[in-house]
Amino acid sequence: MTTKLTFKLSALSMAVISSVSTISANVYAADDNLKEVEKIMVTGSRIARAEVESTSPITVVSKEALTNLGISDVSSALRRLPALTGNTANNQSSAGSNNIQTATLRGIEATNTLVLLNGRRLVGSDEDGLVDLSSIPFEAISQIEVLKDGASAIYGSDAIAGVINIITRKNFEGFKVTAHYGRSSRGDADERKVGFVTGVSTDRASVMVAASTSNNAGWEEKDRYMTKDADQTYLGGGNGRSGTAPNPKLTGFGLGEGTWTVPDASNPSQVIAWDYDKEGYNYRAAQSGANDNKTTSVFVFGEYSLADDLTFFTELSFHDGFVQGNQAPPGTDTGWYGDNVDTPNAFKRYPDADGNNFGVGPNQKYNPFGEAGNVSKRFSEYGSRIYQSNNTITRYTLGLQGMLADEYDWEVLFSSQSAKLVQEGGAQPSIIQIERALSDECETAADPDCVALNVFGPEGSITQDMLDFINTTAPSQTNKNDLSFIQASIAGPVMQLEAGEVMFSAGAEYREDQLSLSVDQAQRTATFDVSWGGSVTPVTSPVREISEYYVELAIPVLENLDVEAAVRYSDYSDIDQTTTNPKFGIIYRPLESVKIRGSYSTGFRAPTMAQMYQGRTSSINTNMYDPCNPNNDANYFNTSIAGCAGLNPAFSKNEIQSNDIIGGGNPNLKPEEADNMTLGLVMEPLDGLGVTLDYFDIEQSNVVFSSSRYVVDQYVAGNPEFANAVIRSNNGTGYIQTIFSSSNNIAARNLSGFDLNVNYLHESNFGTWRFNLDATYMSDFQVQDTSDTPFRDVVGTYDSAFGSIPEYKANLQLDWEQGNYRVTWDAAYNSKITAAEDDVMDATVFHNIQLGYFIDALQTDVHFGVQNLFDKEPPFLKANGTSTDDNLYSFRGRFYYVGLSRSF
């Protein structure tokens with residue numbers, strides 16, 4: 001139960017809790033009138049109080065402000081915040097690769113950002129336990145609070161970079177419906193969404209139901225200028241087309257040195273030299289540039305007053321998410337698979353006298369040469385591979401809350417949550433079946449049910465019967481996460497000091513967490529049988545039992561000086577280690593218009609279940625790195641490097657444009673640790689003008705990290721511990737084919753920078769004007785991959801592990817409102833990103849605008865807007881092969897949208 005208190009809300013007291021986001025201007029309008037308000041519990045504290053202050057910087061994003069920008073989902077809202085940078089996953093990443101939406105505060109991995117719903121943990125969806133931000137119906141949201149500070153003392157594990165707390169509505173009366181539709185200027189990327197919120201209340205009870213459904217289309221890479229071709233020479237890049245192409249690439253077959261192809265299916269014995277520049281396959285013509293996605297979400301909140309000081313409450317929610325994306329057609333490379341660690345015995349039926357292994361028999365039905373050989377061929381007749389994922393999440397929370405002795409708030413609750421993420425690839429070629437179809441025995445008495453595969457011709461040589469014979473595997477992976485917890489807490493006054501009451505909060509939590517990861521037989525490491533895919537080992541983790549206890553104090557030392565202190569003890573059943581994390585904060589008011597705040601805390605992140613318990617995995621890596629051939633050139637190895645001596649330049653170019661990373665879990669991992677510090681200045685120099693400037697510093701150690709780049713460097717340097725960690729093609733003389741890179745507590749990061757917010761409210765005869773500037777300056781992002789390597793600074797660069805880390809990010813927003821009319825304009829700025837001396841993404845500014853009008857007669861609000869107003873292309877990036885960093889930018893282009901809401 002909450003107690004209503006009367007206090008004065010000034011622009012300064014509101015600004016002190018947040019370096020206000022450019023999309024939250026409406027939340028912080030100055031109000032010098034006295035108001036009846038309830039106690040407020042600010043994210044980062046368990047003590048509800050009337051004074052709305054925090055020792056740590058918090059950004060509060062209101063639902064109304066998001067609507068004014070045409071935003072209708074949590075992920076899009078958070079991506080606008082300058083404090084979010086790096087590899088923030090979203091549905092606009094290419095090739096159907098992402099199936100959940102995540103957030104990366106300060107640019108470190110999403111596992112370091114804790115996501116809460118009404119101050120409580122949410123179950124994760126994938127094997128790393130990451131929360132899907134699309135799972136909360138937008139209609140249920142009241143506001144989003146982003147704590148930009150460590151908070152392990154308050155919330156426990158994962159809150160190293162900060163906390164995202166999604167606050168829902170609780171009491172709503174009436175019925176409100178919303179609708180949203182948008183389309184890009186290219187005629188695709190359609191967005192459709194409808195939702196409603198309804199509620200009823202009595203003297204003792206209230207119920208609110210919010211629900212939404214969306215159906216959003218993506219687009220194809222071929223339909224965008226910058227992504228239409230993997231050969232990026234027209235953009236100033238290199239040729240990244242695949243060497244596995246519809247025209248076969250033949251080796252052996254008695255054809256002599258080099259690679260050969262068959263240009264004419266009617267005359268397969270006539271060959272010409274295989275030319276990468278002519279034959280390379282443009283896989284981007286068959287891939288999605290952004291995924292199609294559908295969601296249906298329901299959220300229910302109810303409460304019932306059992307007595308004057310005793311209330312029962314419940315939260316129920318359901319989410320069903322569907323994502324679909326395309327990838328290029330599959331293929332096979334009998335020589336590559338024959339040397340692959342996942343398929344050590346594949347395509348080795350026909351060895352020659354020199355020890356070479358061939359996968360196509362000399363007497364195979366379509367072999368015109370009468371000698372064995374190897375083939376690399378793309379089955380373009382298959383069409384694009386369709387990848388789908390379904391994410392189902394259910395949650396329920398039941399609790400009691402009340403008040404003791406009219407002073408002490410208490411709460412006891414139980415929550416049970418489950419998430420099931422199923423990823424499927426449809427029917428795909430089987431390595432076993434391909435090997436049969438390329439054997440001498442196929443379609444003979446020895447194997448009469450076999451259908452021989454004609455790999456000796458260009459596109460069209462593969463028939464549907466051939467495809468039906470080899471397409472017998474269906475890659476499928478299911479992640480199931482279960483989370484349940486019991487929480488008990490009490491908060492209230494401790495004693496009265498001259499400057500005010502000392503407040504406390506104390507509580508205990510018991511949590512159980514478990515991951516179950518299952519894969520189909522063909523995708524398992526021990527029985528791998530998927531051509532053009534990675535392997536996964538099933539795992540069922542032990543139930544992780546976590547017991548935690550915390551206490552927090554808020555002490556008014558002087559009338560202008562408040563101190564906060566908190567500590568949390570955590571015990572994890574499977575890590576064999578306990579951790580205790582304190583936090584200290586201070587707010588000092590030397591002048592009525594000035595406040596100084598600061599905090600220091602330690603934090604930790606427990607290794608994920610997959611990081612600890614998953615067996616061996618293999619994944620396809622397209623961010624290739626080889627110091628012996630940095631640019632993946634043909635006929636080149638830098639043999640002046642000692643570790644590159646003996647390599648054969650004839651096999652230098654990796655035409656497949658990828659290699660395998662072999663990883664897996666490590667049960668001996670320990671928690672990551674961090675030290676967080678913030679120091680801030682909050683000012684109100686003029687009426688209606690608020691300014692906040694906050695410094696942040698994060699030192700993270702014992703970080704769980706897997707660096708394939710580090711493994712390659714150690715291998716090339718001749719470190720004997722890494723002698724077998726890298727496998728090169730062609731019996732160790734060619735390009736890098738496989739890298740063994742496991743996870744360990746080996747890395748460290750040191751981050752620091754500044755957050756600035758300026759917001760100004762001006763009332764005039766020409767309407768109400770609001771100005772907001774929200775900016776982040778990243779001064780240092782020092783990364784140490786292993787304890788024995790130097791730190792490197794990734795600020796202003798693109799890094800394969802962290803993505804783009806701009807030195808400066810900013811959002812500028814201007815709102816105008818008069819009567820029933822309103823206009824919102826905003827601009828987003830990212831500073832330049834350097835991946836290499838000749839690979840620089842220039843600084844950018846993207847503009848958006850929205851016009852809105854409230855129709856009194858219909859009680860309906862309508863708005864129309866344009867995102868990327870000037871249809872600006874994202875800057876070009878060579879480093880990752882996708883033409884830009886699509887975790888930072890989008891190829892969608894100019895986007896028009898319209899929306900309405902009506903209350904009944």
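Student: With which residue does R822 form a salt bridge?

Tutor: Start with the general idea. Side chains of opposite charge can pair when their charged atoms come close. The rule here asks for a side-chain nitrogen of Lys or Arg within 4 Å of a carboxyl oxygen of Asp or Glu. R822 forms its salt bridge with D861, and the closest N and O atoms are 2.7 Å apart. This pair links distant parts of the chain: R822 is in strand β43 (residues 821–830), D861 is in strand β47 (residues 860–867), and 39 residues separate them. Strands (E, at least two residues) and helices (H or I, at least four) are DSSP runs, numbered from the N terminus.

Student: Before we go on, what kind of model is this?

Tutor: This is a predicted model: local features need pLDDT of at least 70, side-chain atom pairs count only at pLDDT 80 or more, and totals for chains, interfaces and linings use all residues. Residues are numbered from 1 along each chain as its sequence is written, and side-chain values use heavy atoms, with hydrogens and water left out.

Student: Are R822 and D861 buried or exposed?

Tutor: First, the cut-offs. Buried means under 20% relative accessible area, exposed means over 50%, and partly exposed lies in between (1.4 Å probe, protein chains only). Both R822 and D861 are buried.

Student: How many salt bridges does the rule give?

Tutor: The count comes to 35. Take R749 and E109, whose side chains meet at 2.6 Å, N to O. They are 640 residues apart, with R749 in strand β37 (residues 744–764) and E109 in the loop between α3 (74–79) and β4. R749 has 1% relative accessibility, so it counts as buried. E109 has 24%, so it is partly exposed.

Student: Which residue pairs with R589?

Tutor: D562 does, with the closest N and O atoms 3.3 Å apart. This pair also links distant parts of the chain: R589 sits in strand β29 (residues 577–591), D562 in strand β28 (residues 561–572), 27 residues apart. R589 counts as buried, at 17% relative accessibility.

Student: Which residues are linked in a network of salt bridges?

Tutor: E509, R511, E548 and R568 are linked in this way.

Student: What forms the nonpolar patch on the surface?

Tutor: A nonpolar patch joins nonpolar side chains (Val, Leu, Ile, Met, Phe, Trp, Tyr) within 5 Å, from residues with over 30% relative accessible area and no salt bridge. Here the members are Y304, L306, F312, L316, Y396, L398, L400, F414 and I486, with about 730 Å² of accessible area together. Areas come from the Shrake-Rupley method with a 1.4 Å probe; for residues, only the protein chains shown count as cover. The largest share, three residues, comes from β22. F312 is in strand β17. It is partly exposed, at 31%.

Student: Last, the backbone. Where does R106, with its positive phi, lie?

Tutor: Most residues other than glycine have a negative phi. R106 is not a glycine, yet its phi is about 65 degrees. R106 is in the loop between α3 and β4. It is buried, at 2% relative accessibility. A405 has a positive phi too, about 55 degrees. A405 lies in the loop between β22 and β23 (408–424). It is exposed, at 61%.

How values were computed. Patches are made of residues with over 30% relative accessible area and no salt bridge: like charges are joined within 9 Å, nonpolar side chains (Val, Leu, Ile, Met, Phe, Trp, Tyr) within 5 Å.
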